[in-house]
Amino acid sequence: MDNAAKGLLMAGGMLIAIITISIFIYGYTNITHMAETKQDEETLKEVNEFNEQYLAFNKNAMYGTDVISALNLAVSNNKLNNVEKNPNDELFVDISFKLRYDSIRDTVYVYRYNTQTDKYDVLKLDETKNSTYGAGNFEFKNPNSYSLSEHLEPIKEFLKSSDDKEENKSITKTDEEGTVLEYKVTYRGIADFKRKTFKCSKVEFDSSGRVKKISFEQIKGSSYGEGN
């Protein structure tokens, strides 16, 4: 009888232990799952917030100023994550733009005073000179594509020029009374780029759904100073 009671007590103890362990495992599993779910939600939120910055440029028509903003955003991201020169890194964001109609250049116009109309006429496109960015004689020519992954230094130099004065005027001829008869205006390549129109042609994502690359394509040609 005593043995039977002891047996029952042992079995009951084992049952309680098993139940306790089961409850612990169940609770631990739930807590782990909740933590993973919360982490997944936070990760998704971070990805969405990151993407929103770039998807704002996913438009069918925009000016070059928007492309410049996208380039600056990606350059800052790549620099912050120390991946500027590592296009294959998962944190690298690439931006490309394709020129279809115009090269990016400094343009020089001559304006001559017309005594009959009492206005200045654009005499001619006196000369053109290619803007150079970075080392050597690098030029942004059409119909070519340029990207941060392949043309980082010239693009960075190009972006820096956006802080420069966009046009410079110099008087080339006056009369005896000091009236300006002719003057020359040099329009910077960055100013030329800003007024051109582009469209977002493609957005690419990495395996986590994060924006990896945005491509832009020129949709209309126009040179700064021509008024079209």
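This is a guided tour of a predicted model, stop by stop.

**Before you start**

Residue numbers run from 1 along each chain as its sequence is written. Because the model is predicted, local features need pLDDT of at least 70, side-chain atom pairs count only at pLDDT 80 or more, and totals for chains, interfaces and linings use all residues, while side-chain values use heavy atoms, with hydrogens and water left out.

**Stop 1: the whole chain, colored by confidence**

Color by pLDDT, the predictor's confidence in each residue, from 0 to 100. The chain mean is 80. Of its residues, 74% reach 70 or more. Select strand β2, residues 94–98: confidence is highest there, at a mean of 96. Now select strand β4, residues 119–130, where confidence is lowest, at a mean of 66. Go on to residues 132–137, where pLDDT is below 50. Beyond near neighbours in sequence, this stretch has 12 contacts in the model. A contact means heavy atoms within 4.5 Å.

**Stop 2: the fold**

Switch to cartoon. The chain has 4 helices and 9 strands. These are DSSP runs numbered from the N terminus: helices are H or I with at least four residues, strands are E with at least two. Along the sequence the pattern reads α-β-α-β-β-β-β-α-β-β-α-β-β. Among contacts in the chain with a separation of 6 or more, 64% are between residues 24 or more positions apart.

Then show the surface. The chain exposes about 14,400 Å², by the Shrake-Rupley method with a 1.4 Å probe; for residues, only the protein chains shown count as cover. Carbon and sulfur atoms supply 51% of that area. Of the 228 residues, 32% count as buried. Buried means under 20% relative accessible area, exposed means over 50%, and partly exposed lies in between (1.4 Å probe, protein chains only).

**Stop 3: the open sheet**

Select β1, β8, β9, β2 and β5. They form an open sheet of 5 strands, in the order β1-β8-β9-β2-β5, with mixed pairing. β1 (62–63) and β5 stand at the edges, each with a single partner strand, so one side of each has no neighbour in the sheet. Two strands pair if DSSP finds at least two bridges between them. Strands of a sheet pair through backbone hydrogen bonds, either parallel or antiparallel.

Zoom in on β8, residues 197–205. It runs antiparallel to β9, and 8 bridges join the two.

**Stop 4: helix α3**

Select residues 152–160. The buried residues of this helix are L152, P154, I155, F158 and L159. What covers them? The cover includes α2 (64–80), β2, β5 (145–147) and α4 (189–194).

Stay on α3 and show K160 and E157. Their side chains meet in a salt bridge, at 3.6 Å, N to O. The two are 3 residues apart in the helix, which means about one helical turn separates them. An α-helix has 3.6 residues a turn, so residues three or four places apart point the same way. K160 is exposed, at 52% relative accessible area. E157 is partly exposed, at 31%.

**Stop 5: other salt bridges**

The whole structure holds 5 salt bridges. The criterion is a side-chain nitrogen of Lys or Arg within 4 Å of a carboxyl oxygen of Asp or Glu.

Select R100 and E217. Their side chains meet at 3.3 Å, N to O. The pair links distant parts of the chain, 117 residues apart: R100 is in the loop between β2 and β3 (105–114), and E217 is in strand β9 (residues 211–220). R100 is partly exposed, at 38%. E217 is buried, at 18%.

Next, select K59 and D66. This salt bridge is 3.7 Å, N to O. K59 is partly exposed, at 33%.

**Stop 6: backbone exceptions**

Most residues other than glycine have a negative phi, and most peptide bonds are trans.

- N142 and P143: a cis peptide bond joins them, with omega about 0°. P143 is in the loop between β4 and β5.
- N82: phi is near 55°, a positive value in a residue other than glycine. N82 lies in the loop between α2 and β2 and is exposed, at 64%.
- D118: phi is positive here too, near 60°. D118 sits in the loop between β3 and β4 and is exposed, at 53%.
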